[in-house]
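Subject: the model, and what turned up in it

Hi,

Here is the structure I promised to pass on. Have a look at it first, then read my notes below.

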Amino acid sequence: MALDKKQLGSALTTIAHGQAMMAAVRDYAKELKQNEQQGPCCQGMDINVDELLDDPELERLHRDRVAAMKQEAERRAALQQAGHGSYSEITEGEFLEIVTKTDAVVCHFFHKDFERCKIVDKHMGELAPKYMEARFIKLSAPDSPFFTVKLGIKVLPAVVVFKGGVSVDRLVGFEQLGGRDDFSTAALEARLAAAGIRTGVRKGAAAAGEESEEEECQVAASIRRGIMHKGSDDESSDFDD
């Protein structure tokens with residue numbers, strides 16, 4: 001599956017992050033070499049840069065990070081293909097399939113002539129690209145009498161949140177958004193968060209990313225400590241002599 005420019009750029013950034021760790025090892029060795037030229041403090045230190053760059057832990061972390069990023073990019077591309085990341089109008093015939101086959105759906109029941117529905121449209125359009133895990137849709141209430149009646153929609157605009165095909169929360173009018181037309185996108189975002197619509201990658205993917213980043217830091221610190229410890233031993237030996 002082809003990746004768009006944004007996804008490709010994100011993948012390249014991740015690859016660059018892994019390469020930066022290797023560059024840090026090279027830079028540190030260069031710094032040590034300069035110190036050797038300036039004075040005797042680092043004399044006797046035996047630094048094998050090639051051995052550090054070939055460290056299996058660094059290579060493993062780099063491969064795992066690139067593979068995870070590729071998998072995430074492919075997953076996001078699949079979600080976009082299914083309509084995630086955008087705010088779109090659907091028909092009554094499409095409604096049931098979308099709601100029952102999507103983990104999280106935010107549906108705006110609207111009337112094309114109502115100004116307040118247009119205000120909701122503006123905010124929903126801004127939030128949809130940020131919340132890839134949910135599907136943001138709008139359904140014309142007058143053109144969808146069956147589901148409008150079935151869900152008890154009597155006041156517009158009405159925003160209904162579905163989880164696993166079940167209606168779990170709803171916002172009717174602007175009462176829960178301050179009761180004013182100029183409410184902020186952040187206000188709607190906070191209300192949706194309270195309903196369980198949250199941004200970011202999946203919980204497991206986020207945890208894996210944090211663990212991978214922490215591992216990289218630990219490996220880099222370990223390598224640095226190893227270099228410093230080796231230099232410290234050599235300096236002590238010289239002093240004893």
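Val161 has Asp169 in S5 as its bridge partner.

Before I go on, the ground rules. This is a predicted model, where local features need pLDDT of at least 70 and side-chain atom pairs count only at pLDDT 80 or more, while totals for chains, interfaces and linings use all residues. Residues are numbered from 1 along each chain as its sequence is written, and side-chain values use heavy atoms, with hydrogens and water left out. Helices (H or I, at least four residues) and strands (E, at least two) are DSSP runs, numbered from the N terminus.

Now the sheet. Five strands make an open, mixed sheet in the order S1-S3-S2-S4-S5. At its edges are S1 (87-90) and S5, each of which pairs on one side only. From one strand to the next the twist averages 25°. How much of S4 is covered? Five of its six residues are buried, where buried means under 20% relative accessible area, exposed over 50% and partly exposed in between (1.4 Å probe, protein chains only).

H7 lies across S2, S3, S4 and S5, and runs at about 150° to S5. The axes behind these angles are lines fitted to C-alpha atoms, for helices over the stretch in contact, and the angles run from 0 to 180 degrees between N-to-C directions.

H7 spans residues 185-194, and its buried residues are Thr185, Leu188, Glu189, Arg191, Leu192 and Ala193. An α-helix has 3.6 residues a turn, so residues three or four places apart point the same way. What do the buried residues of H7 pack against? Their partners are S2 (104-110), H5 (115-127), S3 (135-140), S4 (158-163) and S5 (166-172), with contact meaning heavy atoms within 4.5 Å. After H7 comes Gly196, which has a positive phi near 100°.

Ser140 is in S3 and counts as buried because its relative accessibility is 8%. Leaving out residues up to four places away in sequence, Ser140 touches Glu89 and Phe110. The side chain of Ser140 also makes a polar contact with the side chain of Asp143, at 3.0 Å. By polar contact I mean a pair of N or O atoms within 3.5 Å; within protein, one must be able to donate a hydrogen and the other to accept it, and residues adjacent in sequence count only if both atoms are side-chain atoms.

The other one is Glu94, in H4 (residues 92-101). Is Glu94 buried, partly exposed or exposed? Its relative accessibility is 39%, so Glu94 counts as partly exposed. A polar atom of its side chain lies 2.8 Å from the backbone nitrogen of Thr91. Glu94 is also 9.7 Å from Leu139, C-alpha to C-alpha, although 45 residues separate the two in sequence.

As for the whole chain, there are eight helices and five strands, in the pattern α-α-α-β-α-β-α-β-α-β-β-α-α along the sequence. Of its 241 residues, 37% count as buried. Among contacts with a separation of 6 or more, 75% are between residues 24 or more positions apart.

Last, a word on confidence. The pLDDT (the predictor's confidence in each residue, from 0 to 100) averages 76 for the protein chain, and 55% of the residues score at least 70. Over residues 201-212 the pLDDT is below 50, and that stretch has ten contacts in the model beyond near neighbours in sequence. Residues 222-241 are also below 50, with 18 such contacts.

Cheers

Note on methods. Two strands pair if DSSP finds at least two bridges between them.
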